[in-house]
Amino acid sequence: MLNKQTVVFLGAGSMAEAMIAGIVNTGKIPSKQILVSNRRNQKRLRELQNTYDIKGISREELTFEHIDIFILAMKPKDIESSLQYLSNKLKPNHIILSVAAGIPTNSIERYLPQGQPVVRVMPNTSSKIGESATAICPGKHATKKVMTIVRELLSCLGTVYQIAEDKMDIFTGIAGSGPAYFYYLIEHMEKAGKECGLDTAIVKQISAQTILGAAKMMMQETDTPAELREKVTSPNGTTAAGLEALEKHGGGRAIMQAVKEAAKRSQEMNSHYQRRQIGVIG
């Protein structure tokens, strides 16, 4: 089914590129059936075209009768103009996937023809290597057939979780923004290693492998994170000293706050967009 679909990305930023790479790497959709478009940056389109052997195309060149899935991969502030552009050109069979953080399906549906299938999607940049944790939630008119197609497409990016839309903000805080937290952690491990005389490149590899190993343990073992932590923590040992330092300096609280603040920002973007739609602001 998937190899017959033609997909267009509206937006050519880092998230679009990560998704394109993930799809192309699986070979489930021929690269000639993947299009990418943006409003102005032709250089960026050529770059993606040359890198992934897909087709970069201007909005004016899009032929809607040959497209099956539209992926809205622009910044949330640009989604309204894109929906206005699409609204009178869509056919009932077109599927709309929105990657825009904080914007609910009903807000998107208001701009589109009655009955248009919309699915809200939250991947992360690990899509590029097929290791994303991706959430999906269907809009009012997304049928089982539509969701089957969407799941198959997004499985190219990693593992897909269908969740309730009111849980998308917290999912964004955990998985959508999550890779940045781990990069931040490794960034500071590099600094500590460098201060103690280790080469930064080696610390990067050591840290990444350590996180990878811990992640695999989590996926394969039935123990809770707390139980796994306790198993590697000997009383008065090195790990205990490190954990005590994390606790002393607010490490656990900082992680929780990072997730909550990212989720809060997603909620704020939702509220801001809803108010714009009813004419309170904008």
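Select residues 165–269, which UniProt lists, in an unreviewed entry, as "domain: Pyrroline-5-carboxylate reductase dimerisation"; such annotations may be inferred rather than shown by experiment. This stretch is 81% helix and 0% strand, with its end C-alpha atoms 15 Å apart. Helices (H or I, at least four residues) and strands (E, at least two) are DSSP runs, numbered from the N terminus. The model is predicted, so to speak of local features pLDDT of at least 70 is needed, while totals for linings use all residues. Residues are numbered from 1 along each chain as its sequence is written.

Next, select strand β6, residues 118–122.

Strand β5 (residues 95–98) runs parallel to β6 and is joined to it by 3 bridges; two strands pair if DSSP finds at least two bridges between them. Leucine 97 has valine 119 of β6 as its bridge partner. On strand β7 (residues 132–138), 4 bridges pair it with β6 in the antiparallel sense, and cysteine 137 of β7 stands opposite arginine 120.

Last, select Gly13, Ser14, Ala73, Met74 and Lys75, which lie nearest the centre of the second largest pocket among its 32 lining residues. A pocket is an open set of points on a 1 Å grid over the protein atoms alone, where a 1.4 Å probe fits, with protein on both sides within 12 Å along at least five of seven lines; lining residues have an atom within 4 Å of a point. The volume, the space filled by probe spheres set on the points, is about 730 Å³ for this pocket. Helices α1 (14–26) and α7 (178–195) each supply at least two residues of the lining, and α1 gives the most, with 3.

How values were computed
Predicted model: local features only at pLDDT ≥ 70, side-chain atom pairs only at ≥ 80, totals over all residues. Heavy atoms only, no water.
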